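My notes follow the structure.

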Amino acid sequence: EITLMEKKLVDLHIHSTCSDGYYAPEELVRMAVTADLAAIALADHDNVDGIAAAQETGAAMGLEVLAGVELSTQWYEYYDMHLLGYGFDPQDPYLNRELHDFQEFRAGRNRQIIDRVNEKLVAEGKATLDSDAVRKLAGGTIGRPHIAQALREGGYVVDNEEAFCRYLVPCNVPKRYFPVDEAIKLIQQSGGIAMLAHPPYITRERRLLEKLVAELVGLGLDGIEVYNNGSNMEDTDWLIKLARKHELIITGGSDFHGDPGSNIEIGSGFRGMKIPYRCVDEIKAALRKRQK
């Protein structure tokens, strides 16, 4: 029985329409079943709204669905460092209030960016963007790519690069991030465990990564996403050693968003990574330990 489960594959880093993914949570569950996965985790950006729907569909289709979230954090010079949370209570009032405040800030930020872009358009003697139209394009949370799309579709720019160069960079409003120590506490206080997402995207310098991980362990980090799109097999082996040195657990995921044209596939990323079910066992063991 054990050997059978060990052969089973999982994907613990998937995005839905609740953040910047292309497919609804229910649809992702169906895709994961088709891909013959044993378990998934929905890990939307700063958002837990899709978990209930994914878990209900999973229960009906015989797929294990873990609660997940991906928080945008900051620690000294590291901006937009992503922290994954697993196994927390998605209904936790404190977690939900913090995420709601964060989303409110983000929504306000994007409205401000649209206002600034519109001021620039007026100065150029052009018609302004309609923020409701941009919201419709986004379907969920508005991000700068949606504003770029509106600029493209309105014929103001030829492509995304021009949208960013001419409008989005000069009209930017700084993002807000969770300080990483607060983000770790937030996940753990709501019953979950905190993992460092795709480390190669933070820095490719192994010496710096070793130092960073040691600091994060001091703040309570539980694990590292060792299987990720930024890591080849050698990187993954190195990350596993780093995790074990600090007695951290290991997980992995494809970071699937489902954008048309992307070659990242659910369950396999773009290098055909294989994430063993053992990662789910490690998460469960860590959660049991935490609950004690």
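**The second largest pocket**

I looked up the second largest pocket, and its volume is about 240 Å³. A pocket here is an open set of points on a 1 Å grid over the protein atoms alone, where a 1.4 Å probe fits, with protein on both sides within 12 Å along at least five of seven lines. The volume is the space filled by probe spheres set on the points.

The model is predicted: local features need pLDDT of at least 70, side-chain atom pairs count only at pLDDT 80 or more, and totals for chains, interfaces and linings use all residues. Numbering runs from 1 along each chain as its sequence is written, and side-chain values use heavy atoms, without hydrogens and water.

Next I listed the lining (an atom within 4 Å of a point). Among its residues are Tyr227, Asn228, Asp237, Arg271 and Lys274. By class I noted 4 nonpolar, 5 polar and 3 charged residues. Helix 10 gives the most, with 3 residues.

**Asn228**

I then turned to Asn228, one of the lining residues. Asn228 sits in the loop between strand 7 and helix 10. Is Asn228 buried or exposed? Asn228 counts as buried because its relative accessibility is 4%, and the cut-off for buried is under 20% (1.4 Å probe, protein chains only).

I checked the side chain of Asn228 for polar atoms beside the backbone. One lies 3.0 Å from the backbone oxygen of Glu225. The backbone nitrogen of Gly230 is 2.8 Å from a polar atom of that side chain.

Last, I looked up contacts (heavy atoms within 4.5 Å). Beyond four places in sequence, Asn228 touches residues including His198, Leu239 and Met273.

Key. Helices (H or I, at least four residues) and strands (E, at least two) are DSSP runs, numbered from the N terminus. Ala, Val, Leu, Ile, Met, Phe, Trp, Tyr, Cys and Pro count as nonpolar, Asp, Glu, Lys and Arg as charged, and the others, Gly among them, as polar. Buried means under 20% relative accessible area, exposed over 50%, partly exposed in between (1.4 Å probe, protein chains only). A polar contact is a pair of N or O atoms within 3.5 Å; within protein, one must be able to donate a hydrogen and the other to accept it, and residues adjacent in sequence count only if both atoms are side-chain atoms.
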